[in-house]
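Subject: The structure I promised you

Hi there,

Here is the structure we talked about, ready for you to open. Have a look around, and then read on for what turned up.

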Amino acid sequence: MKLIIHGGFFSESETNQEVKKTKQDALREIVQLGHKHLENHTAAQTVVYTVRLLEDCDLFNAGTGSQIQSDGKIRLSASLMDGKTQKFSGVINIENIKNPICLAEKLMEYDDRVLSGKGASDFAAEHGFKYYNPETPQRRKEYEKKLSDSIRLGTVGCVALDMYGDIAVATSTGGKGFEIPGRVSDSATTAGNYANALAGVSCTGVGEDIVSGSVAVKIVTRVTDGMPLYVATAKTLDEMKAYDGFAGIIGISKAGDIYHADTHPYMVWALHDGEIEVFE
């Protein structure tokens with residue numbers, strides 16, 4: 001049983017040592033809780049549980065503490081993919097909800113599994129998801145000062161390999177901050193969140209760059225075709241150099257390889273494969 005998580009890039013907010021230590025401690029606790037959950041739950045159940053914990057932590061740009069868009073509103077996106085069933089579900093630009101990953105999980109039960117905007121919000125209300133304002137004072141302060149250069153890179157994600165050998169992946173984001181309303185990130189697409197029976201990958205970074213490179217699905221496809229996870233990742237990220245792409249990935253393969261990499265240091269991450277490791 002293995003689990004790896006990410007919390008975006010360290011540069012997304014204040015970059016002092018106190019914030020760094022706080023994020024390290026938070027990721028260490030969350031990856032430990034997620035791995036404990038994995039002992040008695042499937043990979044799909046565990047990635048939802050773990051990403052929900054990340055959404056609830058206001059240190060990260062997903063759920064509570066998400067970035068504010070150019071019109072002053074917060075819109076969230078999240079997706080879930082179960083490598084066993086090959087089903088993908090997600091929500092795009094949903095407002096006034098606490099845990100978009102839980103709504104993505106709910107949508108797994110339906111034929112229409114990816115909803116956006118008002119349709120996603122209406123679906124949430126109809127299925128008992130309560131109104132919630134994810135804004136925090138820090139995000140409002142950043143918005144008012146328009147610190148776009150220092151806060152634009154952030155997402156959370158989780159990849160799990162369960163006791164049955166099944167893989168699942170979940171990703172959630174509050175966007176890059178100050179974006180045009182209606183902008184779609186990679187997090188609710190297979191470019192940023194993808195798994196099959198052989199591998200799973202969650203991405204963070206600049207959504208447009210990740211979509212341009214079809215990063216998650218390309219890495220998983222290459223693993224499926226026989227490449228080791230680290231080779232597939234290196235080749236895919238190297239291809240992003242043509243347009244100075246900005247991305248970070250976490251991944252697990254069926255073979256048990258657990259891996260993280262980024263094009264621009266540095267992504268914050270934690271993993272648990274019997275021992276806990278956290279970014280330094």
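Let's begin with threonine 233, which is found in helix 9, residues 229-239. Is this residue buried or exposed? Threonine 233 is buried, because its relative accessible area is 1% and the cut-off for buried is under 20%. A polar atom of its side chain lies 2.9 Å from the backbone oxygen of leucine 229. Leaving aside neighbours within four places in sequence, threonine 233 is in contact with Ile219, Ile249, Tyr259 and Ala261.

Before you go further, keep in mind that this is a predicted model. The average pLDDT of the protein is 92, and 94% of the residues score at least 70. One stretch to treat separately is residues 147-152, where pLDDT stays under 50. For that stretch the model has 14 contacts beyond four places in sequence.

Another buried residue

Serine 66 sits in the loop between helix 2 (43-56) and strand 2 (76-82). With a relative accessible area of 0%, serine 66 is buried too. What do the polar atoms of its side chain lie close to in the backbone? The backbone oxygen of glycine 63 is 2.7 Å from a polar atom of the serine 66 side chain, and the backbone nitrogen of alanine 62 is 3.5 Å from one. Not counting residues up to four places away in sequence, serine 66 touches Asn61, Ile74, Leu76, Pro134, Arg139 and Gly174.

Out on the surface

Together with Met1 and Met163, Tyr164 makes a nonpolar surface patch of about 330 Å².

Most residues other than glycine have a negative phi, and most peptide bonds are trans.

- Glutamine 86 has a phi near 65°, which is positive even though the residue is not a glycine. It lies in the loop between strand 2 and strand 3 (87-94), and is partly exposed at 38% relative accessibility.
- Serine 214 also has a positive phi, about 45°, and is not a glycine either. You'll find serine 214 in the loop between helix 7 (207-213) and helix 8 (215-224). At 30% relative accessibility, serine 214 counts as partly exposed.
- The peptide bond from proline 265 to tyrosine 266 is cis, with omega near -10°. Tyrosine 266 is in the loop between strand 10 (258-262) and strand 11 (267-272).

Salt bridges

How many salt bridges does the structure hold? There are 14, and here are a few to look up.

Lysine 21 and aspartate 25 meet through their side chains, at 2.8 Å from N to O. Both lie in helix 1 (residues 17-38), four residues apart, which is about one turn of the helix. Lysine 21 is partly exposed at 45% relative accessible area, and aspartate 25 is partly exposed at 31%.

Lysine 118 and aspartate 122 form a salt bridge as well, with their closest N and O atoms 2.7 Å apart. Why are these two separated by about one helical turn? Because they are four residues apart in helix 4 (residues 117-126). Lysine 118 is exposed, with a relative accessible area of 62%, while aspartate 122 is partly exposed at 32%.

Then there is the salt bridge between the side chains of arginine 183 and glutamate 208, at 2.8 Å from N to O. Arginine 183 lies in the loop between strand 6 and strand 7 (193-195) and glutamate 208 in helix 7, so this pair ties together parts that are 25 residues apart in sequence. Arginine 183 is buried, at 14% relative accessible area, whereas glutamate 208 is partly exposed at 32%.

Last stop: Lys218, Arg222, Lys235 and Glu239 are linked in a network of salt bridges.

Key
Residues numbered from 1 in each chain as written. Predicted model: local features only at pLDDT ≥ 70, side-chain atom pairs only at ≥ 80, totals over all residues. Heavy atoms only, no water. pLDDT = per-residue confidence, 0-100. Contact = heavy atoms within 4.5 Å. Patch = residues over 30% accessible without salt bridge, like charges linked within 9 Å, V, L, I, M, F, W, Y side chains within 5 Å. Areas by Shrake-Rupley, 256 points an atom, 1.4 Å probe, with all protein chains shown as cover. Salt bridge = Lys/Arg side-chain N within 4 Å of Asp/Glu carboxyl O. Buried < 20%, exposed > 50% of the residue type's maximum accessible area, 1.4 Å probe, protein only. Polar contact = N/O pair within 3.5 Å; in protein donor to acceptor, adjacent residues only side chain to side chain.
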